[in-house]
Amino acid sequence: MTTKNIFVLPGDGIGPEVVAPALEVLQKVASKTGFDVSISEGLVGGVAIDATGSPLPEETVAQAKQADAVLLGGVGGPQWDHLSTDKRPEKGLLGLRSELGLFANLRPALAFGPLAQASSLKPELVANLDILIVRELTGGIYFGEPRGIETRAGQRVGFNTLVYSEQEIERIARVGFELAQKRNGRLCSVDKANVLEVSQLWREVVTSVHGDYQDVELSHMYVDNAAMQLVRTPKQFDVLVTGNMFGDILSDVAAMLTGSLGMLPSASLAASGVGLYEPVHGTAPDITGKGIANPLATILSVAMMCRYSLDQAAAADAIEVAVSACLQDGYRTEDIRGHSKDQVVGTQAMADLVMEKL
Ligand code: IPM
Ligand code: MG
């Protein structure tokens, strides 16, 4: 039997609470579909700062590079908010993305039928919504230089740089086109080309890459309009491709369409090498330790891991079907409760239900 090495970074806040049951689901699906998993654990984010002084210890990067896939919970929390940008927990995650070359971030927003009521939009606008945001993850304003805060003419100014090279644009565009080919054949590239030169180049490069993917219908949209269209008629989209910061913002919007940020998985992929999987929701300090966090985003991230890094498509399908069945049966965590007849369950109970369905 093949053994897959999974490197786990529970991180901060609810991270450990959602990662543990998601790993149980992985073990269960592996034994059902016929592969072995070997799990090792490391430190990133606030817990890494507390233990080693660094949000991303060198050992963590080395171990991640050896693994078949990395599963991450979340990083950050109020107790580390006073630290400077380069010492904060978030720096651990950003460093990991960069060190592992994880330039393509896939954030599917899938509205499970039974959850249409939990969305802040009218159920008919979101029922069966299935869109995919492809976010560039290792460039743009998150990493651009120069950056900093300095004193100019007697007052402090803060500055960052939004920079993309043709090569960076081209490789993320290809990911977008290829995924659109496998889905409904439509790609919308999101930029701010009416104001920013970097976006003009973005649009030009995406348009020229389109030549290699004639079967995909390409459109362009300004980011402000895209934010509006996402809450107006979200089902008009199939795949969206965009830069790092626009993708950060739009993926939170898209997440909420599905009912809860607690439902959204993500995959971060490199040109070759290890992939990283994490829930989009973050560390939720307000509910940490209460046992009520929704484990489904992490469980669905494990499904993405099976599909994109472990070559176990059957396992991925099985997890997604099981999650769907639990929702169909009316089980809900606190964040997605809608009707009074919903059966509200905690983190572990929800994971146990998913495992029963497997
Ligand atoms: C995300 C998060 C991160 C980001 C933070 C935690 C650095 O918001 O993954 O969307 O901004 O990329
Ligand atoms: Mg974000």
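Which pocket is the space taken by ligand 1? In this predicted model, ligand 1 takes the space of the largest pocket, a pocket being an open set of points on a 1 Å grid over the protein atoms alone, with protein on both sides within 12 Å along at least five of seven lines.

## Basis of the model

Local features need pLDDT of at least 70, and side-chain atom pairs count only at pLDDT 80 or more. Residues are numbered from 1 along each chain as its sequence is written, and side-chain values use heavy atoms.

Around ligand 1, with a heavy atom within 4 Å of it, stand Glu90, Arg97, Arg107, Arg135, Tyr142 and Asp248. Because domain 1 (1-108 + 260-358) and domain 2 (130-257) both contribute residues to this shell, ligand 1 lies between them.

Polar contacts are pairs of N or O atoms within 3.5 Å. An oxygen atom of ligand 1 is 2.6 Å from a side-chain N or O atom of Tyr142, and an oxygen atom of the ligand is 2.8 Å from such an atom of Arg107. Arg135 likewise has a polar side-chain atom 2.8 Å from an oxygen atom of ligand 1. Taken alone, ligand 1 exposes 320 Å², of which the protein buries 78%, by the Shrake-Rupley method with a 1.4 Å probe.

## An enclosed cavity

The whole structure holds 1 cavity of 30 Å³ or more, a cavity being a set of grid points where a 1.4 Å probe fits but cannot get out. The largest cavity has a volume of about 130 Å³.

Note on methods
Chains lettered and ligands numbered in written order. Polar contact = N/O pair within 3.5 Å; in protein donor to acceptor, adjacent residues only side chain to side chain. 1 Å grid on protein atoms, 1.4 Å probe; cavity = no way out; pocket = protein on both sides within 12 Å on 5 of 7 lines; lining within 4 Å. Sits in = over half its atoms within 2 Å of the grid points. Domains from an automatic or database assignment. Points joined across faces, edges and corners; volume = space filled by probe spheres on them.
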